[in-house]
Amino acid sequence: MTLVAYIYLATILFTIGALVVLTRRNTIVVFMGVELMLNATNLALVTFSRMHGTLDGQVYALFVMVVAAAEVVVGLAIIMSIFRARRTASVDDSNLLKL
Amino acid sequence: MSVFETSAGIALTETHSVTATAADGFASLGWLMIALPLLGAAVLLIGGKATNSWGPMFATIMSWAAFAVGLGVIFQMTGLAAEERSLSVQLWEWVSAGDLSVNVGLLLDPLSMVFVMLITFVGSLIHVYSLGYMEHDPDKRRFFAYLNLFIAAMLILVLADSYLVLFVGWEGVGLASYLLIGFWNWNPAYATAANKAFVVNRIGDLGLITAMAILFATVGALDYATVNESASSMSQGALLAVGLLLLLGACGKSAQFPLQSWLGDAMAGPTPVSALIHAATMVTAGVYLIARSQAIYIETPDARVVVAVVGAITLVYGAIVGCAKDDIKKALAASTMSQIGYMMLAVGLGPIGYTFAIFHLVTHGFFKAGMFLGAGSVMHGMKNRVDMRRFGGLSRVMKVTWITFMMGWLAILGVPPFAGFYSKDKIIETAFVGEGWQPWVFGFTALIGAGITAFYMSRLFFMTFQGKARWEDDQHPHESPKSMTVPMIILAVGSVSLGFILGPTGILENWLEPVFGHPEHHEPVLAIPLIIALTLTLVALGALLAYFMYWKSEVATEAPEGTAITKAARRDLLQDDFNEVFLRKPGEGMVTMLVATDRDLIEGGMVGKTTGSLAGLSDLLRRTQNGFVRSYAMTMLAGIVVILGAVWVMQ
């Protein structure tokens with residue numbers, strides 16, 4: 001199995017994640033889609049690291065994980081407060097940001 | 001470039017040229033003539049109510065002081081040889097812009113001094129008269145301030161040594177005239193009359209400004225000396241244009257056809273104003289302008305003929321209007337218009353006419369101012385009524401006014417030996433000089449004009465002073481106070497004597513010779529005694545007709561219906577209607593059209609459509625701001641895909 005297969009896997013995962021973000025209404029699910037996209041990226045980065053024989057990609061992956069962890073905290077907090085205020089977890093109900 | 005260095009000169013004929021020399025001695029104080037009345041106006045206007053008690057007297061003294069300075073300058077001039085009587089007083093450099101350099105300077109020469117004498121003498125007399133006439137007016141301080149302002153501006157006009165400085169005075173008298181016509185501006189009709197005079201004058205001013213622009217473009221300077229010198233080297237087209245544009249300016253200021261409509265309405269001003277500005281001095285500025293620009297008109301006979309034609313038209317026009325007016329001041333205004341027409345005709349005839357035009361201008365200044373003051377005196381005694389149909393028989397109660405007015409009346413009729421006989425008949429004789437159709441047309445126009453003048457002036461005189469009294473019941477006419485009658489007497493003496501003092505003796509002709517040169521003598525196409533006889537016959541006929549119509553027979557207190565011509569003449573020969581139909585209405589139509597174009601095409605079409613389409617476009621874009629996070633995410637994704645795709649394609 002060549003390393004390119006990992007890239008394909010990463011692309012598929014990323015696409016699934018993007019579709020989830022674009023199509024699902026539940027905020028938690030959307031959030032999971034975002035995580036899926038992030039991890040697909042991580043996979044791609046690690047694979048590239050192996051392909052080029054350098055550590056840069058792995059370092060990036062670690063960075064992404066740290067930032068993703070922080071993002072999860074903030075994101076979940078926002079979701080919680082929205083749910084408290086509006087009694088809903090649907091992204092389409094929070095559409096105040098328009099004219 | 002200084003005027004000192006240019007050999008000035010009013011080159012008239014090739015053998016004739018005068019150089020302006022720097023003034024020394026008393027003449028170098030010539031600027032005082034302008035400064036004194038200007039100071040008077042400033043003190044009265046800035047001093048405000050504090051000067052109420054002594055202001056009018058102060059203004060009168062300032063005016064007489066200007067006269068005294070002028071007299072001093074004349075005395076100094078008489079001591080000089082005729083060719084040296086052109087003095088220049090340089091004051092300061094005014095405009096220095098690129099090639100154009102204009103110094104403020106005064107030109108004291110025989111022509112301008114004649115005007116100075118007329119303006120300051122008649123002006124000062126009218127100041128004195130106003131002391132009586134305006135005695136009870138609450139605003140008389142302002143009135144005297146404006147009068148002084150006028151004297152100063154008029155002196156700038158005649159003493160200027162360049163067209164640009166002349167223009168300052170030109171506008172100054174326009175301003176003073178506007179302020180004084182509208183002096184009683186609580187009456188909307190008077191304020192409108194002032195506006196009308198101002199607006200019509202602007203049309204003339206446009207001509208003068210354009211003429212100056214052409215002069216600057218072709219000659220490169222605006223002082224008389226340079227312009228006179230280079231007039232002969234200008235192209236015919238430029239000369240004709242300058243000549244006609246100067247004439248337009250003159251028409252505006254002097255109420256000549258076709259810009260004469262304002263003068264009748266200008267009678268809304270207090271009567272001393274009508275006498276000073278709208279009879280004796282300001283309205284003759286046009287004649288001065290053309291006489292001063294003789295170097296240009298000598299080179300362009302076509303423009304000169306137009307000047308003469310304008311003069312001829314106006315002299316008949318004014319005379320016809322004068323026959324129909326029942327308002328004593330408006331009849332006199334029409335007469336002024338007509339008499340200035342004579343002067344215009346004379347200056348249009350070329351070198352042979354200049355001296356006579358100035359001569360008539362001086363005598364007219366006296367007798368017309370005298371008659372206006374007489375009319376003012378009548379109004380003073382008749383509770384400001386102006387309708388001659390309600391006068392009559394005033395000779396019994398206003399002896400001084402009657403006699404002085406009679407002197408003016410005889411003078412304007414041209415009865416020998418009164419002033420008008422010498423000045424007006426000279427113009428009529430000169431009009432008969434020439435070749436081809438011109439002497440016949442101009443000559444007979446002037447001749448017939450004299451007959452009509454005799455008729456309407458006699459009509460005015462008889463209706464006012466003779467016949468039965470047709471006063472309204474509440475009238476108790478009385479003679480005016482001394483301050484009013486004395487100036488009238490002095491002007492009447494001038495109306496009687498100026499003609500034979502200045503005319504046959506050759507005093508004025510010799511005095512003006514350094515400016516106008518000595519024209520060759522031309523024989524009129526008719527014998528001179530025949531012309532004089534014809535003129536006097538027509539004058540006698542006109543006066544007799546008026547005698548039978550307005551003295552012997554009853555004058556109706558209500559104006560009869562009259563023929564179509566009478567009706568037209570009462571409405572200034574439909575001048576205002578003509579302006580209304582052919583100028584104001586089309587002008588209004590044009591403005592309405594422009595407004596519509598602006599509103600519909602510019603504002604509604606170009607600007608409106610642009611903003612409309614932008615608004616529509618932004619409306620579309622706004623729809624994308626739907627607040628759905630998912631659609632934003634889609635946009636971001638699409639954007640990134642596009643960018644990546646672009647990068648991929650480029651690589």
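Start by selecting helix 14 and helix 18 of chain B: helix 14 passes helix 18 in a left-handed crossing, meaning that the near helix is turned anticlockwise from the far one by less than a right angle. Helices here are DSSP runs of H or I, at least four residues, numbered from the N terminus. This is a predicted model, where local features need pLDDT of at least 70, side-chain atom pairs count only at pLDDT 80 or more, and totals for chains, interfaces and linings use all residues. Residues are numbered from 1 along each chain as its sequence is written, with chains lettered from A and ligands numbered from 1 in the order in which they are written.

Now look along the pair, residues 328–348 and 438–465 of chain B: their axes come within 11 Å and cross at roughly 160 degrees. Axes are lines fitted to C-alpha atoms over the stretch in contact, with angles from 0 to 180 degrees between N-to-C directions. So helix 14 of chain B is roughly antiparallel to helix 18 of chain B (an angle over 145 degrees).

Next, show some side chains. Among the residues that meet are Ala331(B) and Tyr342(B) from helix 14 and Phe442(B) and Gly449(B) from helix 18; contact means C-beta atoms, placed from the backbone, within 7 Å.

Then zoom out on chain B. Its domain assignment, automatic or from a database, gives domain 1 (300–570) and domain 2 (579–650). Their C-alpha centres lie 70 Å apart.

Key: Helices (H or I, at least four residues) and strands (E, at least two) are DSSP runs, numbered from the N terminus. Angles under 35 degrees count as roughly parallel, over 145 as roughly antiparallel, 65 to 115 as roughly perpendicular and the rest as oblique. Two residues are in contact if their C-beta atoms, placed from the backbone, lie within 7 Å.
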